[in-house]
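Subject: Structure for your files

Hello,

Here is the structure you are taking over. My notes follow below it.

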Amino acid sequence: MTLRIDISGLPSERLRFAASPLAELTAMLHVLAEPGHHPQFAGWAADVWAGLRPELAERLREAEFLWRSSQADFMIPARPRSSLAEELDDVDRIDDETYVTAALVTTCGSNRVHFPGSSPLTDKAARERALDVAQARGALQEAFAERLLADPAAVRARVRHTLEACAEAFFDGAWADVAMQLATDLRLKNELLRRHGIGAALASVSGAVTLAPDGDCIIVDKVQDKATAARGAGVTFIPSVFGRPHLVAVHAPGWHPVVQYPVAEPSPAEPVSLETVTLRLEALAHPVRLRLLRTLARGPHTTGELAHFWELSPPEVSRHLAVLRRAGLLTARRQGRYVRYTLNLPDLTALGADLLAAVLR
């Protein structure tokens, strides 16, 4: 499953790498709302919550649907600015219908098919449909959606004021701490783009981001099948420290494509693709292969040894071993006349973390 961004005919200068204060604040807010996704920031999140004024804490909870499960598109700018205030000014320039639709998508945990071709601000049926979906998500979502549809200007002003209060409470200090790391990453990416082209720059973003062989499409490994096009606007890549391990993509119609990617940790492990994770899960789903793995976990074995131990035919064992090898869970080493199979214990151990990382991407 992938997100495909059509960049056919796009000059390399339209692929931009830039830091965004608003996008990083959004990543921080997501950490505060979902600290379980980010155990490396659990201590930071606990300290922030402990130091928040009760009023600000309440405001974060009432608007958390803009960044908790997914991020509202206007929270990840296509044209990053140097300051949070400038980016919030750009958000203020978005028309109410676009803002409300983006906010409802994240609040309702849904998508735009619930109000196709009609605005919930002006169409009664679309409004009722949006409120029904929000109600199904929970009382807090319903209350936020009702306020948003009743008085979008007031909600927009309140959200901006909340984000400005976050800057004073914790963002400004955290931004100062990560700015150098983001700047270093951007220098690397822009140098790769200038010297070696789009493919090299994308390869340095993540193993989950690649350039199609024909060079006309950026492929992002996500738990979804979506497509968008850069056209004349280009594609923006925004590094994030607090966003790790998420790979966030703005791809909805009417929005310029944006990818917020995690800045690599020192000596980062190459991310395992969702396809590989799926292949390994499928390989482990068969009871016979699980039995073989139980034996191989105790040491290398030949096909004949495994067949004898489990009272299976050698061809049957060979078929199962082939599946496990394709999934990368076994290695084979010839020793004289015999081929011994060994369990790739690190890859098997990491499967749970790899699955989580692939899903969270």
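Is Cys 166 buried or exposed? Cys 166 counts as buried because its relative accessibility is 0%, where buried means under 20% relative accessible area, exposed over 50% and partly exposed in between, with a 1.4 Å probe and protein chains only. Cys 217 also counts as buried, at 10% relative accessibility. The structure holds zero disulfides, a disulfide being a pair of cysteine sulfur atoms within 2.5 Å.

Some ground rules before the rest. This is a predicted model, in which local features need pLDDT of at least 70 and side-chain atom pairs count only at pLDDT 80 or more, while totals for chains, interfaces and linings use all residues. Residues are numbered from 1 along each chain as its sequence is written, and side-chain values use heavy atoms, with hydrogens and water left out.

Overall

The protein chain has 15 helices and 10 strands; these are DSSP runs numbered from the N terminus, with helices (H or I) of at least four residues and strands (E) of at least two. Of its 361 residues, 48% count as buried. Taken along the principal axes, the C-alpha atoms fill a box of roughly 75 × 50 × 45 Å.

Cavities

There are three cavities of 30 Å³ or more in the structure. A cavity is a set of points, on a 1 Å grid over the protein atoms alone, where a 1.4 Å probe fits but cannot get out, and lining residues have an atom within 4 Å of a point. Grid points are joined across faces, edges and corners, and a volume is the space filled by probe spheres set on the points.

The largest cavity has about 80 Å³ of space. Which helices each supply at least two residues of its lining? They are helix H4 (84-92) and helix H8 (152-196), and H8 gives the most, with four residues. The lining consists of Leu 22, Phe 74, Met 75, Leu 88, Val 91, Asp 92, Tyr 99, Arg 156, Val 159, Arg 160 and Leu 163. By class, eight of the lining residues are nonpolar, none is polar and three are charged. In this scheme Ala, Val, Leu, Ile, Met, Phe, Trp, Tyr, Cys and Pro count as nonpolar, Asp, Glu, Lys and Arg as charged, and the others, Gly among them, as polar.

Aromatic pairs

A search of the whole structure finds nine aromatic pairs. Rings of Phe, Tyr and Trp (its six-membered ring) pair if their centres lie within 6.5 Å; planes under 30 degrees apart count as stacked, over 60 as edge-to-face and the rest as tilted.

One of the pairs is that of Phe 17 and Tyr 261, which is edge-to-face, at 6.3 Å centre to centre and 80 degrees between the planes. Phe 17 belongs to strand S2 (residues 15-17) and Tyr 261 to strand S8 (residues 258-262), so this pair ties together parts that are 244 residues apart in sequence. Phe 17 is buried at 7% relative accessibility, and Tyr 261 is buried with a relative accessible area of 1%.

Phe 309 and Trp 310 also form an edge-to-face pair, because their ring centres are 5.2 Å apart and their planes stand at 75 degrees. Here Phe 309 is exposed at 54% relative accessibility, whereas Trp 310 is partly exposed at 26%. Separately, Phe 41, Trp 44, Phe 170 and Phe 242 form one aromatic cluster.

Backbone

Most residues other than glycine have a negative phi, and most peptide bonds are trans.

- The peptide bond from Arg 244 to Pro 245 is cis, with omega near 15 degrees. Pro 245 sits in the loop between strand S6 (235-240) and strand S7 (248-250).
- Glu 311 is not a glycine, yet has a positive phi of about 55 degrees. Glu 311 is in the loop between helix H12 (303-310) and helix H13 (314-326), and is exposed, with a relative accessible area of 75%.

Hairpin

Strand S9 (residues 330-335) and strand S10 (residues 338-343) pair in the antiparallel sense over six bridges; two strands pair if DSSP finds at least two bridges between them. Gln 335 stands opposite Tyr 338 in S10. The hairpin of S9 and S10 has two residues between the strands, and Gly 336 takes a positive phi near 65 degrees there.

Regards

Terms used: On a 1 Å grid over the protein atoms alone, a cavity is a set of points where a 1.4 Å probe fits but cannot get out, and a pocket is an open set with protein on both sides within 12 Å along at least five of seven lines; lining residues have an atom within 4 Å of a point.
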